[in-house]
Amino acid sequence: MNILILGGDGYLGWPTAMYFSNRGYDVTVVDNYFRRNACTELDVGMLYPVPTLVERAKIWHELTGKEIKVVIGDLSDPEVMRSLFSGTVEYSWALDRKFLGIPETVIHYAEQPSAPYSLINYKYANITLTNNLLVTNNLMFALRDFSRDTHVIHIGTMGEYGTPNIDIPEGWIQIQRNGRKDTFLFPRQAGSLYHTTKIMDTDLMWFAVRMWDLRITDLMQGPVYGMETKDSMIDDRLRTIFNYDEVFGTIINRFTVQAIVDYPLTVYGKGGQTRGYLNLNDTLQCAHMAEKTPAQKGELRIFNQIMETFSANQLAEKVQRVGKAQGYDVKIDHIENPRKEAEEHYYNPTYQGLIDIGVEPHYLTDEVLAGMFQVAETYKSNIRKDVIFKGITW
Ligand code: USQ
């Protein structure tokens, strides 16, 4: 099977590439180093240095004998996107530069993923809108013109739904009105411009599915935590990019690092904000199970990709408890919420679809958190307190 991963250098992209490569797939990754460049531009630091994508592909090959082909290019340029399907692609690194043929599956992660980044100012808002929407639209047209059978697995976000005062289904809702009924996308109401681009992605993909009979799975993912996967354990240089700063770090990753450097945990506001979370390893499993059971032609299949829900307060208490057991005196702070979001709300999403197709959840146990502490401790001297909270407001 020939699989193409768009955004292969990111937090999810690189571990996904190794995961599929290890299972015998022919993997090609594409990236323009957006995340690394943004980290440098914003001076937000990372927990440890990460070799370039080309270097990582070479290390992977040396250690496993397997090949991950690398394309460095900007997918918001339609010609770069189209070259991946037309056969005119230029590999930045590959053992064999011959075109593998049209991919059976495309995993689309190639988006600016941060809510705070999208609200720094109008410039970053525009970068988010342009990148995310153009990449998705370029992909839809490439599929229309070259390969309507290719299955797309797109990473959406639970944040598309917001925090409505009713139960959240997996993507679709049946509405009855004046004695007639129909099925529609569940109402969306994002809490950031980044999340808004994911709603717009859904609309672009739903249009393409209706018009051109494409097959698409959209995974509504919650905040992910963790830094280690089975494949990265063979060599530290294969670990994924890990951020703990306010812009690119997600809450559990941030709290773990904060605990280690004696920085009071930054709970925003009252801390009742509840989200669905999942382990990095489960992201990989979800992509794999979605790949094994593709969406039908003309289907936009939506799964909620979370394994359990927590409030920010519950997460802080967990990290505090585990930190104390490791000898850290972890304090919890409630800082003025830089975001505009409900701090106390109803939250009841369904998340059964991925389990039904074979995903076996990992949960946020004390043991898992302790494992994250251990890796982060190794890099304690790299941790910069000045990037933990700068105060990007909505
Ligand atoms: N939060 C804190 N303190 C912090 C950081 C976050 O209380 O130091 C709170 C936030 O206010 C928010 C929740 O924790 O209510 C989650 O924040 P987050 O920064 O971990 O995640 P978020 O901004 O929602 O975005 C992340 C990913 C994004 C993905 C999204 C899934 O960066 O790519 O789409 O999680 S979801 O949240 O379900 O929309």
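**Cavities**

The model is predicted: local features need pLDDT of at least 70, side-chain atom pairs count only at pLDDT 80 or more, and totals for chains, interfaces and linings use all residues. Residues are numbered from 1 along each chain as its sequence is written, and side-chain values use heavy atoms, with hydrogens and water left out.

I took a cavity as a set of points, on a 1 Å grid over the protein atoms alone, where a 1.4 Å probe fits but cannot get out; lining residues have an atom within 4 Å of a point. Points are joined across faces, edges and corners, and the volume is the space filled by probe spheres set on them.

I counted two cavities of 30 Å³ or more. The lining of the largest includes Asn-2, Ile-3, Leu-4, Tyr-91, Phe-99 and Pro-103. Strand 1 (residues 2-6) gives the largest share of this lining, three residues. I took helices (H or I, at least four residues) and strands (E, at least two) as DSSP runs numbered from the N terminus.

Glu-160, Arg-188 and Met-220 are among its lining residues, which divide into four nonpolar, two polar and two charged.

**Ligand**

I then listed the 23 residues around the ligand, of which Pro-113, Thr-157, Tyr-194, Thr-266 and Glu-341 come nearest; a residue is near if one of its heavy atoms lies within 4 Å.

For polar contacts (pairs of N or O atoms within 3.5 Å), I recorded a polar side-chain atom of Tyr-194 at 2.7 Å from a ligand oxygen atom. A polar backbone atom of Ile-251 is 2.8 Å from an oxygen atom of the ligand, and an N or O atom in the side chain of Arg-254 is 3.0 Å from an oxygen atom of the ligand. The protein covers 93% of the 730 Å² of accessible area that the ligand has on its own, by the Shrake-Rupley method with a 1.4 Å probe.

Helix 7 (193-212), helix 8 (251-260), strand 10 (265-268) and strand 11 (274-279) each give two or more residues to the shell around the ligand. I classed the shell residues as 11 nonpolar, eight polar and four charged.

Note on methods:
1 Å grid on protein atoms, 1.4 Å probe; cavity = no way out; pocket = protein on both sides within 12 Å on 5 of 7 lines; lining within 4 Å. Nonpolar A, V, L, I, M, F, W, Y, C, P; charged D, E, K, R; others polar. Polar contact = N/O pair within 3.5 Å; in protein donor to acceptor, adjacent residues only side chain to side chain.
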